[in-house]
Amino acid sequence: MSGTRTETFPAGIVETGLGTVTREIPASEPPPWPPNAELTWIGRPVPRLNGRAKVTGATRYTVDVRLPGMLYACFLRSPLPSAELRRLDTAAAAALAGVRAILPLAQPGDRLRYAGQPVVAVAGVSPRAAAEALAAIDAEFRPLPFVVDMDEARAPDAPAVHDAASAPQGHPSGFPAAPGLPLEGNVRGPAVVRRGDPAQGLAAAAVVVEGEYRTQVHTHACLEPHAVVADWRAEGLTVYISTQFTAGVRQELATAFGLPLSRVRVVVDGMGGGFGSKSQLGVYGRVAVQLSRAAGAPVRLAFDRQEEQTDAGNRPGTFQRLSLGATQDGTLTALAIESFGTAGVAVGAGIGFFAERLYSCANFETRQHDVFVNAGPGCAMRGPGNTPGAFALEQAIDTLSERLQLDPLALRDRIDPSAVRREERRIGAERIGWSRRHPPGADDGPVKRGIGVAQSLWMSNVQTNVACEVRILRDGSVEALSSVQDIGTGIGTIMAQVVAEVLGLRPADVTIRIGDTEFPPGGPSYGSRTTASITPPLRTAATRALAQLTREAARMLNAAPDEIEACGGRLQVRADPSRFLAFRDAAALLRTDRVSAVESRLDDYAGFRRRMPDAAMAHEDLGGVQFAAVAVDTETGAIRVERVVAVHDCGRPMNKLLLESQVEGGVLMGVSYALLERRIMDRRTGLMVNADLEHYKLAGIHDTPEIETVILENLQGNSATDAYGIAEPANIATAPAIANAVYNAIGVRLTALPMTPDAVLAALGRSGRS
Amino acid sequence: MNRFAYATPATLAEAAANTELVSEAMVTLAEGAVLKAGGIDLLDLLKSELLAPSLVVSLRALPGLDAITQDPAGNLVIGAMATLAAVADHPLVRAAYPALAEAIAGSASPELRNVATLGGNLLQRPHCWYFRSPAYHCLRKGGGHCFAIRGESQYHAIFDNQACAIVHPSTPATVLVALGAEVELHDAEGAARRLALEDFFIGPADDLQRENALRPREVLTAIHLPGRAPGSRMAHRRQGEKAGFDWPLADVAVVLTLDPDGTCGKASVVLGAAAPVPRRARSAEQVLQGRRIDAAVAADAARAALHGATPLSRNDYKLALFETLVRRAILAAAG
C-alpha cells in the first residue's frame, strides 16, 4: 500500500497514433489498461442494465415513493412579483381535520421578491387536504413595484429587487464565491478577469469585430419534478429525494438539522432529469424534513409543472458585448467582453470561462455582471456560463473568419491550441461535408441551406471525496456499492462494466447498489465528473477484492497468486489456462461469506491544476466540436436542423452506447435552446405566462436532427481508468453551431436566442433580404 | 380539481337530459354538468379549475357517435366522437378531402389524436395563456381586461383583436370551414338543427365568453361535409415553432374549383390562428375568382388576405408568415 512505482501508459488519440507516457503512480494502483480494443467490456456498447425497468415502468422514482402514514405537502406561494406580506393567519387552516403541520416561511412585514416564492408550507393527510389548507390560509400581500425585464432592471430608476443585506453573494460565473462586488441598483459587479491590455490589443489589430448577443432564460424542464419524501424518526432521518448528489444532500441535512451524518440517510433510485437543478437540498427539501419532524410522519413534497417552471431553477439569460481584434493572419490581439446576465433574484448569470480559455489571446478581459430581476432564482444548468458564452464567442469568431476571408476551420486551427479539437474539427468537417459548403444565399428558391461549426470547452472535473466498495460473496455473486446516483447517464452500467472487466465476468453478473448514502460516498452527478471520479477507485477496489479470491484459487491450483488471471468467468493460470477454477468455485473457497474492498479516489497521476475541498479540475480543455447543417425557409422564418455531427472526447470512452446517448441528449437540448425554449414574462404583471410545457416549447421527435456522434479515444494515463465526462461539452457547442449554419444559409446573423420564425423574419426584414 | 360525479349514459337523450348540461367546452356554468368527449381539453380545464362541474357525462358509451359514413347524396358525415386519428386515416376522408387528413395528421401528437375527438377539437376553449392561467381574470372569464392586447401577444390574433385577442385553437376547423362543413346539434327534447360551421363559431363581438353557438343542453353530434365538387382542389399549410406537436403560428386552408380552362370558379380561403374564429379571407377569394391562377395572382390574393389586419406589439411577424402560407396554399391547390 505504500510507495510508488513507475508505469508506462498508452497516451494520445488512439485513432491517429498512440504514444506512451510514463507516470510515477502509487504502488497500490492496478497496472495500465491497454487501449479499449484490447479490453473485453470497457468501451463496448453495453446496453444500460436498468433500461428494461425504465421502459416497463418498474423503476421507482422519488414521486413513486409511498410510505405508511405518509402526508402530502404543498406551498402557498406569492402571487405577485414583488410584495410585502401584510398579514398571515394560518389558524383556520390548522383547525382543518386533515391538516398535520403548517410551516410559515415568511412573516408579516417580510418582502417577497418573485411570483412563486414560498410563503407557507402545509402537510395534510392527502393532496386534497393540503390544498384545502392552502385555501384556508388568510394571507394579504401588498403589491410593490417590480421589474422582470433585464434591460429595464439596469435603469437607474428601476425598482430595486434587493438591498445590500438581501443581495446574494457569489460570482456571476457561478463557481467561486465573490463577496464584496459592488451593487448599484439591480446591477452587481463587475467581476473582472484580465490579462494583458485589451485596449492596446484592439488598437494594434488589423481587423476588429464587435457584436452584441442575447440569450434567453432557459428552464431545466426535468420530466420528473423536484420531489422529496422526508421521514423523520427518533432513530434517524431518511430522505428520498430526486437528487444529483445524495452525499451532498446528506451533508446539508446534517448541518441544517444538527444531526450526526450517521443518522442521516439519503436515497434515490430512478432520476427523471436534473441538468443542474437538483444539485442541492433546496428549500423544498428542508421544508419537507421540517414538516415531517413537526407532524411525526413521513412527508411527500413534489412540484407541479408550474412550480417546476417558476421555482426550480433556470439557465440565466445574458446580454454580451464582444470586441475581438486580430492580425491579418488571424492571430487574436484582443478579446474583451462585457456581460450582463440575470438569474432572477439569485446570482450566477455570467458567461463562464469559455472565452477566457478557449483561444490563445494575450490581451483579454471579461467584465461580468449579475442583474437582479423579480423572477425565480437561476442555478447551474448543463454547461453553466459556457453555454451562453459559446453562443456569443463562436459567432464572433465566425464573423472574424469572414472578415479575414479565412475558412472558419482554418482560423480555429490558428488560434485554438488544442491538438484534440484540431483532430475533432478534421473528422467533423469530413463527416458533415464541409468541402461542399457554399457562400450564404447560394441556393435558389426560398429555402436556403448552410453548414456551421462551433466548439465546446469544459473542465475535466474530478471529485476526490469518492469511494466505492466491491464485494465478492461465497456463492460467486458480486456487488459494487456507492452512494453515486444514476441521473439518467447509466453510471450503474459503467460500474458493472468496470467490475466485470477486472473480475472476468459479464456486466450482468454484477449487482449494482447505488443511490443510497448507506454505501461509500459517491460524488455529485454534476460538472461532468461522475465517471471520472468513480471508475478509478472502483477498478482498484475490484482488483483488491479479486486478490483475496486469487489467493484462495492459487492455493487450489498450486500456483502463485500473480500467475492467476480472471477471465471468461474463470480464475486460470495465465501460462496454462487448462488449470482453472470457475469463478463461482473459487468463491466457494472463501473463509467468510463475503470479502470486500473499499477504495477512494486518488489524485490524477499527473496531478490537478486546481483544488477545492472535495473536488479538483484535472484539465480545463475537455473538448468537443459540433457541426450543424440547417435549412432556413426565408419566407416563413422556420429553421430546420437537418444534421448535427458531434465529435467529442472524454479521455477513455467507457461505453459507446451511453456516450452516444448523452451526446444526443446534449445536442437535442442544444437544438431546443437554439430554436424554441424561452421563459416568457409578462412585463405588466411580472408573471411567467408559459409556465407549462404547452407554450414553453421543448424540442420533440419532429425537431430532432440526424445526429452523428464520434467519440475519440484520447488516452492520457491520468488514472486507473483514464475516463472523463461528457455531459456538458455535449450541450455547449450546439446552439452556436446552428447559428453559424443559419448565417451560412441566409447571410444574416441571428444574434439572439431562441431563433424562432419571428426572429428570423425580423432579421431578414432588417437586412432587406426578405 | 373539484370533486364531481361521473356518468356514462347509453342514449343521447339521457346524455342531453342532465340539468344545466353544458358541452365540454362551455365553462360559464361552472357548477353544472359537463359533457366529456375525448376529455383532452376537459382535463386541462378541470386541472386549472376553469371548470368545476358537479357532474361529468361521458359520451363514450353512446352507440354510433363515432361513425364516419357517406350519405346517398355523397356527403360525408363524421360522428362527433370519431377520433382525430380515425378521421385522418379514413379512406373516404383521404380520398375526397386530403387537406383535412393532412391538417389533422399535423395536429397534436399521435397519442392525443388517438383519444381526441373531432367534436371535442371543435369545441375546445382558447389556449390563450392569460385565459388559461388562474392568475388572470380576463375579459373572457368575466373580468374587465384583455391582458394580451398590450401584453405577450406572440401567439394571438391579428384580426378582430380589439376586445379579446384569442385565436381559435382548432386546426381541423380551418379546413372544415373552407370545405363548407356543417355541424349537427341535438337538444334534450330530440330536436336537431344544422348550422354552417362558419356560423357556428362566434367572435368577441357576438359574445365575449363563448366561442360558438352551442346552447345549454345541446350536443354536437356530427360534422357534415358536402360531397366534393367536380374540379375542386384543396390544400392546407401550417407553420408552428416546433415541427410537430405544437399549435400553429399560422394555418391556411384553400379550396378552389377550377374550370376545365383553368379559371378559378369558387374559392374559399380560410386563416386559422389569425382571429378568434377561423377567418374567411374574402378579399383573397375575390382576387382568385374568375382568374387563372399563377404565381402573380396567388401573391395578389395573399396580400389581399392580410388586408385590414391589426397586429399587436408581438405578432406582426404573422403578416409575412400568413402571406407566404396563403400564397403557397393557393399554388399548391391550383397546381
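This is a predicted model: local features need pLDDT of at least 70, side-chain atom pairs count only at pLDDT 80 or more; totals for chains, interfaces and linings use all residues.
Let me begin with the domains. Chain A is divided into four parts: domain 1 comprises 68-146 + 223-311, and domain 2 comprises 165-222 + 316-415. Domain 3 covers 418-457 + 619-770, while domain 4 covers 461-617. Between the C-alpha centres of domain 2 and domain 4 of chain A, the separation is 42 Å.

I turn next to cis peptide bonds. One runs from Gly189(A) to Pro190(A), with omega near 10°. Pro190(A) belongs to a strand of chain A, namely β10, residues 187-195. Another cis bond joins Leu753(A) to Pro754(A), and its omega is about -5°. Here the proline, Pro754(A), is found in the loop between α18 (734-746) and α19 (757-767) of chain A.

Finally, I would like to present two residues with positive phi. Asn558(A) is not a glycine, yet its phi is positive, at about 55°. Asn558(A) sits in the loop of chain A between α14 (530-557) and β26 (564-567). Is Asn558(A) buried or exposed? Asn558(A) counts as exposed, because it has 9 C-beta neighbours inside 10 Å, and the exposed class extends to 12 or fewer.

In chain B, Phe245(B) is likewise a residue other than glycine with a positive phi, near 50°. Its place is the loop between β9 (232-240) and β10 (248-258) of chain B.

Terms used
Residues are numbered from 1 along each chain as its sequence is written. Chains are lettered from A and ligands numbered from 1 in the order in which they are written. Domain bounds come from an automatic or database domain assignment. Helices (H or I, at least four residues) and strands (E, at least two) are DSSP runs, numbered from the N terminus. A residue is buried if 20 or more other C-beta atoms lie within 10 Å of its own, exposed if 12 or fewer, and partly exposed in between; C-beta atoms are placed from the backbone.
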